[in-house]
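Have the model open as you read.

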Amino acid sequence: MVEELIQKAAVEDDNAIEELCQIADTDPGRLTPHLGSLLDRDVLWPAKLYRSADADVVRRVIERIDGGRTPERLNHLLVILAHTAHPLAESALRRWSTQPPAGADELHINALSYAREGGWTVGPDGSRRDLCGSTAYQLVMRNATRRADSPICPWCASLLWAALEVDTAEPAVGAALTHTGWSGRLLIETCHLCACYTTLYSQVTPAGAATWWTGNTRPSYLGSTTPEDPPAVAPALGPARPSPYRASAWDRGGSTLGGWPDWIQDAEHADCPGCGQLMDYVGLIGGADFDDYGEGAYYLHLRQPCGFAAVNYQQS
Ligand SMILES: [Zn+2]
Ligand SMILES: [Zn+2]
């Protein structure tokens, strides 16, 4: 059945590609024996199809890049390697970061920076760090009672929105946030309007405090905005996801704590203002979950050692 889907995907059958993506999100190991065939047919996109690639397929992709025969496909091939997160892929990306492969002059970023597309990064000490979690829970929307004392956005005067309020004392929350190292309460507040224009940071403490970061820089293109009430919902912990890849930025019920982001655009893991390193991914809240016409998704990030949280937004 998978072979059939691959044959159809090779002639750009969108339904077949969608079905393959669903397998990659639900049970990626099912694709592992077929990825060589996918590569033979030059189906390189979406790169997440390759997340469970074995050493043979990873090696073939590396050889193809080193061979330099298809420099115009370099971007796709690097994103594939990032998604595999395979040790061979990691060492190749490290090597190309100082010895760029053919076609690299057309890239916007260094080869090693592709790692973030696959949800990992290499720190200043050279060690690898996974930005995403292996455990995920659905976030279900509860009606929120608006706090009269809610802080307001210094840019647009809207009441700030409690996009997430959880406590790792709850084992499920602790599991979903393990990769972040966070322990305690976590309140992530943001402006639902201004976060659509730039990454908004706040300083957070394990006591559950959240403070607008005074270093947030208002984009010059952000004119005067009329204040608007935030979504009247508070995301609460729902059932466990059967795989860490089941968040959806599009579908109702797609909001998720932990696991991996479903990016609408390229991966956009936020930089921590404290240390300059990429922040850990915490979860996403899809517009479809709180608004009938909702689109786009808010992505939540955390950097425990520095006490920073961030929210950014993507739409199609
Ligand atoms: Zn605002
Ligand atoms: Zn930091």
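Predicted model: local features only at pLDDT ≥ 70, side-chain atom pairs only at ≥ 80, totals over all residues.

A quick definition before anything else: a residue is buried under 20% relative accessible area, exposed over 50%, and partly exposed in between (1.4 Å probe, protein chains only).

Residues are numbered from 1 along each chain as its sequence is written, chains are lettered from A and ligands numbered from 1 in the order in which they are written, and side-chain values use heavy atoms, leaving out hydrogens and water.

Rings of Phe, Tyr and Trp (its six-membered ring) pair if their centres lie within 6.5 Å; planes under 30 degrees apart count as stacked, over 60 as edge-to-face and the rest as tilted. The whole structure turns up ten aromatic pairs. One of them joins W161 and F290: with centres 5.6 Å apart and planes at 65°, the pair is edge-to-face. W161 lies in strand β4 (residues 161-167) and F290 in the loop between β10 (280-286) and β11 (297-303), so the contact ties together parts 129 residues apart in sequence. Strands here are DSSP runs (E, at least two residues), as are helices (H or I, at least four), numbered from the N terminus. F290 counts as partly exposed, because its relative accessibility is 24%.

Next come Y298 and Y313, a tilted pair at 5.0 Å centre to centre with 55° between the planes. Y298 belongs to strand β11 and Y313 to strand β12 (residues 308-314), so this pair ties together parts 15 residues apart in sequence. Y298 is buried at 6%, and Y313 is buried at 15%. Ring pairs link W161, F290, Y298 and Y313 into a cluster.

Now for the metal. What coordinates the zinc ion (ligand 1)? The SG atoms of C153, C156, C191 and C194 do, at 2.2 to 2.4 Å. Donors are N, O and S atoms within 2.8 Å of the metal (3.2 Å for Na, K and Ca); water is not among the atoms, so sites may look incomplete. Along the chain, the zinc donors are spaced C-x2-C-x34-C-x2-C. C153 is buried at 1%, and C156 is buried at 3%.

Last stop: R51 has its charged end over the ring of Y245, 3.7 Å from the centre. A charge sits over a ring if NZ of Lys or CZ of Arg is within 6 Å of the ring centre and within 35 degrees of the ring normal.
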